[in-house]
Amino acid sequence: MEMNRVLTFYKYQGTGNDFVMIDNRDNSFPKDDIKLVAWLCDRRFGIGADGLILLEEDATMDFNMVYYNADGKEGSMCGNGGRCLVAFAKFLGVISTEAKFNAVDGVHSATIKGDIVELQMGDVTDISEKPNAYFLNTGSPHHVQLVKGLQDFDVFKEGSKLRYGVYGQKGSNINFVEPLGEGTFAVRTYERGVEDETLSCGTGVTAVAIAMHKSGKVSSDVVNIEAQGGKLQVRFSVDAKGYSNVHLKGPATQVFKGEVKC
Ligand SMILES: N[C@H](CCC[C@H](N)C(=O)O)C(=O)O
């Protein structure tokens, strides 16, 4: 590491899924430095986060989102990170109450009111049914499995077993779900790229809501999810082609600003 560069960063969290945010509109961030990103995300040697996100200029949209998992590698879409980035864009004065931005899986629109960010996610048409689970892509790949006794469930052990054993090197994020009552589900997620349980996963929660609707466990087009780190809401439209107009809603908060030598 260079150690003579001083990087200004902001720390954000959305239902306990936390991110280092960097304003990279001047393109000064060394984007290919996997080791640097992994170190910034390290909870003991660095700042600590589930991921790192760059806010960049975009030719046609309000901004561009670049997302890295805590392992330093560029990840697929991150729903909570996207919501936090909208809050960061508002803080920077890049947007006011509405945003349209580019991310790795395409264009997203969003609205922000106070610290509540509602983010439109991609349409979902392919949902594969497995013996006792569902697999779908909501910007990131997600395995969704119903379990009993979720609070005592060994998410790390069972999650990593499925992540590597069933989905191989490329892997998948693994969500375990338990119904809590009409239209409400508790969810715990093992995240690929973090290789651990996180307190919340936005694309995961979105996948759970859609899979629960698909399986008939909920009939409403608004689904409430209680993640370990807080509550999120998912709504969608459904027709013969699949799920569209998918929205993920919940809080996104700035925690602190800092400078790091690297
Ligand atoms: N925490 C993220 C998911 C990141 C997906 C990532 N772990 C990957 O599979 O690349 C979210 O809120 O949607």
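Ground rules next. This is a predicted model, where local features need pLDDT of at least 70 and side-chain atom pairs count only at pLDDT 80 or more, while totals for chains, interfaces and linings use all residues. Residues are numbered from 1 along each chain as its sequence is written, and side-chain values use heavy atoms, with hydrogens and water left out.

**Entry 1: the overall picture**

I looked up the fold elements and found 4 helices and 17 strands (DSSP runs numbered from the N terminus: helices are H or I with at least four residues, strands are E with at least two). The radius of gyration is 18 Å, close to the 18 Å from the globule rule for 262 residues, so the chain is as compact as a globular protein of that length. That radius is taken over C-alpha atoms, and the rule is 2.2 Å times the number of residues to the power 0.38. Along the principal axes, the C-alpha atoms fill a box of roughly 55 × 40 × 25 Å.

Then I checked burial: 52% of the 262 residues count as buried. My cut-offs are under 20% relative accessible area for buried, over 50% for exposed, and partly exposed in between (1.4 Å probe, protein chains only). I also looked at contacts, meaning heavy atoms within 4.5 Å. Of those with a separation of 6 or more, 62% come from residues 24 or more positions apart.

**Entry 2: helix 1 and strand 4**

Which residues of helix 1 are buried? I noted L36, V37, W39, L40 and C41. These buried residues pack against strand 1 (6-14), strand 2, strand 3, strand 4 (63-69) and strand 17 (253-261).

N64 counts as buried, at 17% relative accessibility. Leaving out residues up to four places away in sequence, N64 touches L54, L55, E56, E57, D58, L85, N102 and A103.

**Entry 3: charges and pairs**

I counted 28 positive and 34 negative side chains, with the centres of the two sets 2 Å apart. Lys and Arg are the positives, Asp and Glu the negatives; His and the chain ends are not counted. I placed each charge at NZ of Lys, CZ of Arg, CG of Asp or CD of Glu.

E56 turned up again here, in a salt bridge with K31 at 2.9 Å, N to O. E56 lies in strand 3 (51-56) and K31 in the loop between strand 2 (17-23) and helix 1 (34-41), so this pair ties together parts that are 25 residues apart in sequence. E56 is buried at 6% relative accessible area, whereas K31 is partly exposed at 32%.

Next up was E197 with R188, a salt bridge of 2.8 Å, N to O. Here R188 is buried at 9%, and E197 is partly exposed at 23%.

How far apart are the closest N and O atoms of E226 and K231? I read 3.9 Å for that salt bridge. E226 is partly exposed at 31% and K231 is exposed at 59%.

Conventions
A salt bridge is a side-chain nitrogen of Lys or Arg within 4 Å of a carboxyl oxygen of Asp or Glu.
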